[in-house]
Amino acid sequence: MLNVTDLNVYYGAIHALKGISFNLQEGEIVTLIGANGAGKSTLLNTISGILHAKVGTVEYLGEIISDEPAQAIVQKGIVHVPEGRKIFAKMTVLENLEMGAYTVNDRQLIQDKMEAMFERFPVLRDRKRQLGGTLSGGEQQMLAMARGLMPNPKLLLLDEPSMGLAPVLVEQIFDIIQDINHHGTSVLLVEQNAHMALSIADRAYVLETGKIVLEGHANEVMNNPMVISAYLGG
Amino acid sequence: MNKETIRTGSQKGLLFGIVMIFLVLINFHIMAATMISKVLGTNVLRGAFPEVRFMIIFLVIFGMWAGWSAVRREGSTTNKLFEGLIGGMTTGLVVALFGLILFFLLETQTDVRRYLTALSFASIDIFLLGLRGMGILTLFGLFTLTGVLGGALAVGLRSQAVANFIKKIKTSIRNLRQRITDSLPDNVKKYGKYIFYLLLLVLLLLLPARWGSYNNFVFGMVGIYVILGIGLNIMLGLSGQFMIGIAALFAMGAYSVALLNSPFPHGLMWGFWPSLAVGVVMAVIGGLLLGLPIMRLRGDYLGIVTLGFGEIIRILLNSDLLTDLTGGPRGIQNIQQPTFLGMPFNDVSYAYLIIIAMAVSIFLYYRIENSRTGRAWLSIKEDALVSQATGVDVQKYKLLALCVGAAFAGLAGGIFAARNQFTGPNDHTLMVSINVLSVVIVGGINSIPGIILGSFALRGLPELLRELETYRLLVFGALLVFMMIVRPEGLWPASRPDLEEKGNTGLKEDLDPEENEGRSDD
């Protein structure tokens with residue numbers, strides 16, 4: 001579904017991604033783990049068209065998308081949920097969800113989708129007329145994910161959904177990710193919480209200073225001694 | 001009486017003394033006395049000085065204010081009176097020392113007007129109450145006395161009895177209002193809004209024809225700034241782009257109307273209406289040209305670049321380089337007046353034109369704000385990155401905001417130039433941009449009533465208060481500071497009707513531990 005080949009991304013003179021290649025099959029949850037500054041968010045930003053690669057391609061459903069602008073990529077069905085619970089704080093929950101469906105033109109479809117989101121995230125229904133910024137951290141993360149699901153994406157790029165949340169909420173969020181996946185959305189999950197990420201992922205890639213140093217099935221990666229010592233605190 | 005008493009009193013007294021010195025240095029005491037004199041029915045001719053008794057009234061008010069503010073909330077009555085006394089005495093002392101210097105200047109006939117333009121001998125003489133040396137002692141005595149009086153006033157007015165009395169009045173006013181609302185028939189309540197709009201419409205139709213050309217001029221100025229404010233608000237308030245050079249876009253509208261409608265320099269006579277349309281289009285093109293190179297800038301950098309753009313346009317218009325094209329520093333005179341159905345325009349028709357332009361602008365603004373485009377702009381303002389991630393073409397919408405805002409600025413400029421029958425580089429200075437910015441910020445960002453109120457407060461009031469003219473900037477600064485403290489979101493902040501009341505959502509659940517389960521993060 002997604003095929004990334006030899007991706008090189010620069011911030012000015014800084015070489016952030018040094019030839020990354022990986023793939024994601026339809027229906028999978030693939031996780032990218034790595035420390036701060038490894039280039040995880042850069043990779044997601046490049047796939048979603050916010051950044052552009054100097055060298056290398058991103059291929060999606062047999063089509064090269066690495067030169068397309070972000071809005072075209074959203075329309076093709078890849079939605080990026082940026083890290084740090086980035087919601088529109090001064091818009092209501094309803095407006096946030098409407099913004100999520102910005103690329104959808106069918107009112108009825110938006111209504112149905114919104115109803116579906118309220119089913120999946122009941123807490124958002126209770127707060128639909130509140131400003132996004134007044135929600136708690138967990139609710140904001142749910143809102144960010146719901147907003148990402150509004151245009152019915154085929155592939156969801158999640159950037160650190162567990163960041164700064166209490167353990168109970170982290171589990172809840174990961175249950176939701178699995179549920180989203182069971183409903184047919186492929187997920188590319190970037191995480192620092194390697195343990196949780198590996199427990200729900202099908203496959204995993206380990207990123208270090210802009211390069212992929214390890215890849216494999218989630219179970220294998222979880223049992224790799226290097227991963228255990230570096231990311232799982234074993 | 002204790003240390004604290006002396007300290008508070010002397011601190012406040014010192015402050016008021018310094019303020020008094022400042023006021024005298026800018027000749028404000030003469031202006032205040034003149035105003036008091038006029039209020040009490042004795043006219044003062046322009047350039048003449050008020051009588052000494054009015055100066056005394058001003059000083060008494062000031063001294064009592066000093067005494068009042070020196071009184072703390074705690075402490076016994078004697079203590080409070082003492083604080084007032086200390087406050088007044090300190091003010092008196094500071095002012096007396098200053099008076100001594102002034103007296104010295106007066107005696108030696110040293111003219112300091114080269115450095116302090118306002119400080120003339122007559123001004124000093126009146127400040128010393130016409131008593132020369134004795135005036136210094138009199139000032140000290142006056143401030144000491146009025147300090148105690150102010151303290152006594154504070155003790156009296158802050159007492160429990162007075163507080164109860166005020167509370168009672170407030171309650172009865174509220175009751176009365178409730179009773180009036182209840183007694184109104186349902187129809188009136190339901191259509192109250194429409195009745196209000198109808199009254200406003202009638203008022204706007206009747207007033208310009210009746211209240212004279214000067215008021216029409218002031219009203220027009222306010223209206224033009226409302227349109228400019230709406231334009232700037234689209235850039236600043238809706239799409240979050242910090243634009244300071246709106247005067248340049250204003251100039252494009254104004255110069256289009258001027259150049260296409262005057263005997264000099266091109267001799268073109270296109271008529272007002274087509275050239276107004278050209279003006280709007282030119283401003284849009286200006287917005288586009290400004291926008292293209294600065295799309296990647298944000299915040300203060302954007303502000304600096306747009307400020308530079310505004311200045312470049314003004315300097316170009318002012319330079320000899322373009323004299324043949326734009327009239328140069330002398331501007332463009334004798335702009336042909338518009339006609340409507342064969343009737344030439346006068347001040348009343350301009351007032352109507354501005355009302356219509358304002359109404360159209362407000363209508364368009366509301367339509368855009370509540371559209372998909374408006375939503376996209378707001379999302380860019382909040383977080384351009386997330387906005388992009390949800391599929392908004394950030395660059396396109398930012399450019400669009402600049403162009404739409406520019407269209408309003410061009411419209412305002414065109415009307416402005418035609419109404420003045422003249423436009424020149426000095427109509428489009430940096431001050432215009434800053435004034436528009438102030439109108440939007442003082443009034444309340446994203447709030448049309450706020451922009452109207454701000455425009456009236458900042459553009460209309462100074463015109464009506466011609467007396468204050470020299471002190472306009474002083475009052476303006478004081479107003480800005482005051483507003484930042486009292487109403488940080490503007491005179492009439494934007495309200496969001498679709499928000500739920502705080503009382504029946506967040507607050508209740510915060511108090512209810514059951515509901516808080518699973519929200520223990522952060």
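This is a predicted model: local features need pLDDT of at least 70, side-chain atom pairs count only at pLDDT 80 or more; totals for chains, interfaces and linings use all residues.
The size of an interface is often given as the accessible area lost when the parts come together. Here the area buried between chain B and chain A is about 2900 Å², with carbon and sulfur atoms giving 52% of it; buried area is the accessible area (1.4 Å probe) that two parts lose on being put together, summed over both. Local features need pLDDT of at least 70 and side-chain atom pairs count only at pLDDT 80 or more, whereas totals for chains, interfaces and linings use all residues. Side-chain values rest on heavy atoms, without hydrogens and water, while residues are numbered from 1 along each chain as its sequence is written and chains are lettered from A in the order in which they are written.

Three salt bridges are counted between chain B and chain A, each defined as a side-chain nitrogen of Lys or Arg within 4 Å of a carboxyl oxygen of Asp or Glu; the side chains of E95(A) and R375(B) meet in a salt bridge at 3.9 Å, N to O. Helices (H or I, at least four residues) and strands (E, at least two) are DSSP runs, numbered from the N terminus.

Within chain A, an open sheet of six strands has the order β6-β7-β8-β3-β9-β10, with mixed pairing, where two strands pair if DSSP finds at least two bridges between them. Its edge strands, each pairing on one side only, are β6 (78-81) and β10 (211-217) of chain A, and the twist averages 15° from one strand to the next. Helix α7 (residues 167-182) of chain A packs on this sheet, where it touches β3 (29-34), β7 (155-159) and β8 (186-191) of chain A, and its direction makes about 155° with that of β8(A); axes are lines fitted to C-alpha atoms, for helices over the stretch in contact, and angles run from 0 to 180 degrees between N-to-C directions. Strand β9 (residues 203-208) of chain A runs antiparallel to β10(A) and is joined to it by six bridges, with H217(A) in β10(A) as the bridge partner of R203(A).

An open sheet of four strands in chain A has the order β2-β1-β4-β5, with antiparallel pairing, and its edge strands are β2 (14-24) and β5 (63-64) of chain A. Strand β1 (residues 2-11) of chain A pairs with β2(A) in the antiparallel sense over eight bridges, and the bridge partner of L2(A) in β2(A) is L24(A).

Terms used: Contact means heavy atoms within 4.5 Å.
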